[in-house]
Amino acid sequence: MLENYLPVLIFILVGSAVGVVMLALGWVMGPNRPDDEKLSAYECGFEAFEDSRMKFDVRYYLVAILFIIFDLEIAFLFPWAVVLDQLGWFGFAAMAVFLGILVIGFIYEWKKGALEWE
């Protein structure tokens, strides 16, 4: 019974070793030249160590939520594509309806200007 898990254990060990080696190579060989532009706030748009009650722009979070929504919906396409031949026309029609709703939502967000960045 345990011999069935040997390939899985080898796979985990080789994958972990490759990950550790790549991280070590990047840390050893990568340049470390920080400057003001590299150390500036770029993810959320405001400095992280200011007053916690300061006003911030909601558009950052709107873009993040839109990305998560569209990213998760697209993730449904991969398992569907694998079993499409087993699902037949019903599965194709169901995914067409799903993608139609996705496109309608995308067009709505586009028309509302949620994808515009000022």
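1. In this predicted model, the residue G113, which comes just after helix α4, takes a positive phi of about 85°.

2. Helix α4 does not run straight: a kink of about 75° is centred on F90. The helix has 29 residues, yet its end C-alpha atoms are only 34 Å apart, short of the 42 Å that a straight helix would reach at 1.5 Å a residue.

3. The buried residues of α4 are G91, M95, L102 and E109, and the elements against which these buried residues pack are α2 and α3.

4. Of these, E109 deserves a separate comment, since this residue is buried yet has no salt bridge; a salt bridge would require a side-chain nitrogen of Lys or Arg within 4 Å of a carboxyl oxygen, whereas the nearest side chain of opposite charge, that of K112, is 8.9 Å away. Leaving aside residues up to four places away in sequence, E109 touches L66, A114 and L115.

5. Three aromatic pairs are found when the whole structure is searched. One of them joins F76 and F98, whose ring centres are 5.9 Å apart and whose planes stand at 85°, so the pair is edge-to-face. This pair links distant parts of the chain, with F76 in the loop between α2 (59–75) and α3 (77–82) and F98 in helix α4, 22 residues apart.

Notes. Residues numbered from 1 in each chain as written. Predicted model: local features only at pLDDT ≥ 70, side-chain atom pairs only at ≥ 80, totals over all residues. Heavy atoms only, no water. Buried < 20%, exposed > 50% of the residue type's maximum accessible area, 1.4 Å probe, protein only. Lys, Arg positive; Asp, Glu negative; His and termini not counted. Contact = heavy atoms within 4.5 Å. Phe/Tyr/Trp six-rings, centres within 6.5 Å; stacked < 30°, edge-to-face > 60°. Helix = DSSP H or I, 4+ residues; strand = E, 2+ residues; numbered from the N terminus. Expected span 1.5 Å × (residues − 1). Bend = angle between axes of the 7 residues up to and from the residue.
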